[in-house]
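Work through the exercises below with the sequence and the model in view. Try each task before reading its solution.

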Amino acid sequence: MGTHTCQAGFLCQNTKGSFYCQARQRCMDGFLQDPEGNCVDINECTSLSEPCRPGFSCINTVGSYTCQRNPLICGRGYHASDDGAKCVDVNECETGVHRCGEGQVCHNLPGSYRCDCKAGFQRDAFGRGCIDVNECWASPGRLCQHTCENTLGSYRCSCASGFLLAADGKHCEDVNECEAQRCSQECANIYGSYQCYCRQGYQLAEDGHTCTDIDECAQGAGILCTFRCLNVPGSYQCACPEQGYTMTANGRSCKDLDECALGTHNCSEAETCHNIQGSFRCLRFECPPNYVRVSKTKCERTTCHDFLECQNSPARITHYQLNFQTGLLVPAHIFRIGPAPAFTGDTIALTIIKGNEEGYFGTRRLNAYTGVVYLQRAVLEPRDFALDVEMKLWRQGSVTTFLAKMHIFFTTFAL
């Protein structure tokens with residue numbers, strides 16, 4: 001009849017004795033029906049208590065809403081965290097945005113970073129870049145026993161020929177070339193070098209390493225016996241020198257008696273017993289006035305009264321004992337000498353000042369800072385020599401003198 005009061009958007013449904021208004025449509029999620037039956041968008045941003053996480057803002061959309069991260073402004077050297085809630089430090093060293101140069105190490109700081117020089121480098125005069133430190137000159141002490149070579153950011157020690165760098169990378173140890181079996185028969189290790197020898201009955205070839213055979217008893221050499229071959233019908237007999245040797249169990253070899261170890265020597269308490277092939281020598285090592293003993297064989301000068309005395313008197317006196325056999329092929333280097341450590345610009349001069357009146361020995365330089373004492377005249381008979389070898393070292397405008405007192409023993413043969 002049209003007497004109902006239903007609004008637009010509603011349908012009038014008749015009931016017994018009355019009527020009711022039914023909405024024409026149902027609203028989807030996110031909408032609410034107003035009294036006129038229209039679907040009106042719900043503003044979740046105001047209707048919900050906490051629609052978004054901290055650090056995010058709520059934006060209403062038709063039928064729903066979205067959460068948008070709040071803009072976070074961070075200072076230089078910082079950036080927003082993953083959840084956008086706070087500013088965290090930028091690690092410029094890890095991200096590679098630092099400007100540290102080559103030879104520098106980056107250290108991260110809160111909001112910044114610092115460039116430090118790597119080990120072995122130092123700031124230049126302007127404090128901007130890093131330059132290499134020459135540890136060989138900058139160190140107050142001795143870094144290397146022989147030669148120090150500066151490298152980029154570090155240094156390297158090296159040794160003269162005949163020496164091997166020790167495990168600590170600084171000290172030099174004498175190489176025992178004899179362990180490498182460079183000689184075909186006998187080998188004598190000497191300081192910084194070695195010398196090959198042959199047993200009785202052999203002679204050293206031109207290569208200095210190989211021993212070539214000599215005919216046995218007919219040649220008088222003794223390959224059958226280490227000392228003397230006595231021919232008998234159908235065989236031979238071996239004999240040893242009357243003193244200083246004993247025959248070994250094989251009946252062919254003679255063994256040197258070490259009188260020093262056996263205690264059969266007659267050296268006094270003030271003397272040192274030195275064993276040689278077939279005998280021994282009693283040596284006395286004494287330090288002259290103004291010198292003090294620093295080891296069994298070394299004396300160092302304590303004081304000198306004027307400049308001329310400091311230049312001419314040795315700063316160190318060292319005793320050496322060398323054993324060789326007669327008939328050694330000449331020329332033969334028997335001793336190497338030089339400063340340790342050696343520096344660029346070093347120059348030495350070697351002079352035999354005593355004990356070479358017969359001219360058996362000579363000196364020569366291998367390079368500016370290394371020299372050798374060599375045998376230039378064959379020693380055919382057993383005899384002893386006492387040489388005083390003086391080394392003068394010119395280093396940075398000053399001259400230092402060193403004295404090597406060498407006891408050299410030549411015996412008939414070596415076993």
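**Exercise 1. Is Gln195 buried or exposed, and where is Gln195 found?**

Gln195 has a relative accessible area of 13%, so Gln195 is buried (buried is under 20%, exposed over 50%, partly exposed in between; 1.4 Å probe, protein chains only). The model is predicted: local features need pLDDT of at least 70, side-chain atom pairs pLDDT 80 or more, while totals for chains, interfaces and linings use all residues. Residues are numbered from 1 along each chain as its sequence is written, and side-chain values use heavy atoms, without hydrogens and water.

Gln195 sits in strand β18, residues 193–197 (strands are DSSP E runs of at least two residues; helices are H or I runs of at least four; both are numbered from the N terminus).

**Exercise 2. Which residues does Gln195 touch, leaving out those up to four places away in sequence?**

Apply the contact cut-off: heavy atoms within 4.5 Å. The list includes Cys183, Glu186, Cys187 and Ala188. Leu204, Leu328, Ala332 and His333 are also touched.

**Exercise 3. Why is the protein described as more spread out than a compact globule?**

Start with the elements: five helices and 35 strands. The radius of gyration is 48 Å, well over the 22 Å that the globule rule gives for 415 residues, so the protein is more spread out than a compact globule. The radius is taken over C-alpha atoms, and the rule is 2.2 Å times the number of residues to the power 0.38. Now check the box: the C-alpha atoms fill roughly 165 × 70 × 40 Å along the principal axes. Finally, burial: 31% of the 415 residues count as buried.
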